[in-house]
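The stops below follow charged side chains and their partners.

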Amino acid sequence: MSDRVFNFSAGPSMLPLELLEKAASELCNYNGSGMSVMEMSHRSAVYEEIIHAAEASLRKLMNIPDNYKVLFLQGGATAQFAAIAMNFMTKNKKADYIVSGQFSGKAAEEAAKYGEVKIIASSKDKNFTYVPKVEKSDISPDADYVHICYNNTIFGTVYNYVPDTGDIPLIADMSSGILSRPIDVSKYAVIYAGAQKNIGPAGVTVVIVREDMLGFAAPETPVILNYTVQAKNESMYNTPPTYGIYFAGLVFDYLLEKGGLEAMEKINVTKAKMLYDYLDSSKLFKATAEKEHRSLMNVCFVTGDADLDKKFCAEATKAGFVNLKGHRSVGGMRASIYNAMPVEGVEKLVEFMKAFEKENA
Ligand SMILES: *Cc1c(COP(=O)(O)O)cnc(C)c1O
């Protein structure tokens, strides 16, 4: 399909063409069932096989230990901002948050409705161009958990370390970083991620939760946000986002086939390096994130001239490089290069940027 563009959207974002085609080929009749996955009862044997296989593949891909539950929920990462607090901020009703961008700020704000939130570190002082370094001594000894946002989608930064929180559970929003490289799940008590960045279509939210975290939800927790109930019911307390889970399963299998997350990391490092190396050598463009915190997934850059940024985005769109405009809150440009962005897309983008630089020097 040569009419496909290189789509640098931050989310919902590109999906592997092969999988879109596979899904299309079985859209109306899945595996001889005579119906679409969209039309199936979530309680049917054929669907149960789909969701169980998706979970098994994700477990294998991320090497998720047996004492963790994997949930496929709805409501996006934003619903989890509240759910995290309702499920886990229930012992001392206190939690520590590290604010490294807009989403972690929103997570903290939402949690503050349910208990005492302490912002133990923030990178707001430099417009979130870095990730704060937190030491064990910064953490409140009575915090029910510490919350981080692993990859900052809007500002293009990523944690290059796992905060040492000792016995205090570490919870991470990994919406835009999950599956980008291997992650030691055992270092986290809870990991959650909306699917629409690096997993599949919007509508599914993956929650990976250590079993000992379950059983402490506040009594007023809405049942669909109650991880204990969802875990007991294997994500089927109510109707799960069935089609999205099916597609996520295709993505998990595809990544396993391609060599898993070690292989993804290699490709992702190659793609990001290509773009950052050019940005560092360019006289026109400049990367905005500090070097040691640069995201592999979201590459943010500016020319320093808002009109020129606008011109760049317009010309890029015409040339088939779409959705390069930075988040509305920060301006500039952002190239989101999740797993599904081929190396070729980044190569061609860099060529295009070089030509643009020449013309606009
Ligand atoms: C996109 C994103 C969110 C918001 O996700 P929704 O699914 O829209 O709720 C939260 N956190 C991070 C890190 C994100 O990238």
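Select Lys291 to begin: this residue is exposed, with a relative accessible area of 59%, where exposed means over 50%, buried under 20% and partly exposed in between, computed with a 1.4 Å probe on protein chains only. This is a predicted model, in which local features need pLDDT of at least 70 and side-chain atom pairs count only at pLDDT 80 or more, while totals for chains, interfaces and linings use all residues. Residues are numbered from 1 along each chain as its sequence is written, and side-chain values use heavy atoms, with hydrogens and water left out.

Lys291 lies in the loop between β11 (286-287) and β12 (298-302), and Asp280 in helix α7 (residues 260-281), so the pair ties together parts that are 11 residues apart in sequence. Helices (H or I, at least four residues) and strands (E, at least two) are DSSP runs, numbered from the N terminus. Asp280 counts as partly exposed, at 38% relative accessibility.

Then move to Asp142 and Lys94, whose side chains meet in a salt bridge (2.8 Å, N to O). This pair links distant parts of the chain, 48 residues apart, with Asp142 in the loop between β4 (116-122) and β5 (146-149) and Lys94 in strand β3 (residues 94-99).

Terms used
A salt bridge is a side-chain nitrogen of Lys or Arg within 4 Å of a carboxyl oxygen of Asp or Glu.
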